[in-house]
Amino acid sequence: MVGKRVIAWGAYDNGKPRVRLLLDALRRREALAAEIRIDAWRGIEDKTVAGPLRMVKAALILLISYPAALLRLLAQPRGSAVLLAYPGIPDIFVVALFARLRGDRIVLDAFLPLHDTIVRDRRMVGDKGWVARLIWAVERIGLRLADVILVDTDQHGEFFASEFGIAPARFVTVLVGAEPLFNEPPQIPFPLDIPPDRPVVLFYGQLIPLHGLATILEAVRLTEGEPFHWVIVGRGQEGPLLAAALKDRENGHVTWIPWVDYTALPALIARATICLGVFGASDKAARVIPNKVFQALAAGKPVITRAGPAVDTLAARYPAAITTVPANDAVALAAAVREAMGGRGAAQALPTQALAELGPDAGVDQLLNRLDAA
């Protein structure tokens, strides 16, 4: 059956939890027949802000490696499903013709919208210029070459369908979830120079507009002198904004850690009293449920994040674990933190079944059923 023969192909980025969790879910079902991977993105965490030399190096690796990867695909049984995990848009232009000739179905994980991220959310290029139009056209063609398109929320599927004129039936929602290490007690505590009895509000992630760093920093200012500590972990596009906000200020209220090893995150979360999600005002911010929300929930920590169609359903199901505030509203965020601290961030641990429902397994089952029925 096609659904039981999935071949992961291309330059998918194993450094992303989304990719690892998706492949792990397929392995648990013994549905992953082969992995043909080009390691082009090593050391490039954020592809939209990577320097030109690193991107040129990645492009050269792709050009050199694609022929051998195609030969390995041709050696696989025909009639398989070729999975292009994130970032799969470049791969689909290379493999589409070969997959069609072999009778394979193409499954593309559209985890991060390309045009929406670069042009609308991060505003790295003007929305009226030829670069923006080219990115839009490339993404549209790439998506339409796929037989099945994976998305991380229903709202992302609705966005792609409307934006690019793609039938909604071609989308399958596979939630991101959290890896098992976040649901296990950390072996080594994370070293923070903060008194152990002082509550901690934790934000971690890339410093990009979607996360609403300015809103977080204003909430930090509004709560100066209050008996809890803010910890911000991350680097990226808005790093200068954070550096400027902390310059010439008394930093006893907030700590900035530019980078933490992924394996140390569970211990850092364990030290936190409250974890933060995203607070940006963009349409994209309303459509996502960030990986960090799943990770904090798996670790039994309460989460405060912006309200939006994607997360509101979860917040309604688990009101003791998820608090939502309006987008770009520092006053509401500060108030929510104070209220949560009043109960010392006490959250009800989610039951095992709930954690399973918040992972990729149900979506992967739906994908495999779709492929089997074809």
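In which helix is Gly157 found? The residue belongs to helix α6, which spans residues 154-164. The structure described here is a predicted model.

## Surroundings of Gly157

Gly157 counts as buried because its relative accessibility is 10%, and the buried class covers values under 20%. When residues up to four places away in sequence are not counted, Gly157 touches Val151 and Phe171.

Thr173 lies 16 residues from Gly157 along the chain, and the C-alpha atoms of Gly157 and Thr173 are separated by 7.4 Å.

## Nonpolar cores

The largest nonpolar core comprises 59 residues, of which Leu26, Leu150 and Leu202 touch the most other members. Helix α1, formed by residues 17-28, gives the most to this core, contributing six residues.

With neighbours within four places in sequence left aside, Leu26 is in contact with Val6, Ala31, Leu32, Leu83, Val364 and Leu368. There is also a second, separate core of 34 residues, with Ile38, Leu70, Leu73 and Ala96 among them.

## Nonpolar surface patch

On the surface, a nonpolar patch is formed by Phe93, Trp130, Val131, Leu134, Val138 and Ile141. Together these residues have about 550 Å² of accessible area. Helix α5, covering residues 130-144, gives the most to the patch, with five residues.

Val138 is located in helix α5 and is a member of the patch. Val138 counts as partly exposed because its relative accessibility is 30%, a value in between the limits of under 20% for buried and over 50% for exposed.

Technical notes. Residues numbered from 1 in each chain as written. Predicted model: local features only at pLDDT ≥ 70, side-chain atom pairs only at ≥ 80, totals over all residues. Heavy atoms only, no water. Patch = residues over 30% accessible without salt bridge, like charges linked within 9 Å, V, L, I, M, F, W, Y side chains within 5 Å. Areas by Shrake-Rupley, 256 points an atom, 1.4 Å probe, with all protein chains shown as cover. Salt bridge = Lys/Arg side-chain N within 4 Å of Asp/Glu carboxyl O. Helix = DSSP H or I, 4+ residues; strand = E, 2+ residues; numbered from the N terminus. Buried < 20%, exposed > 50% of the residue type's maximum accessible area, 1.4 Å probe, protein only. Contact = heavy atoms within 4.5 Å. Core = buried A, V, L, I, M, F, W, Y, C linked by side-chain atoms within 4.5 Å.
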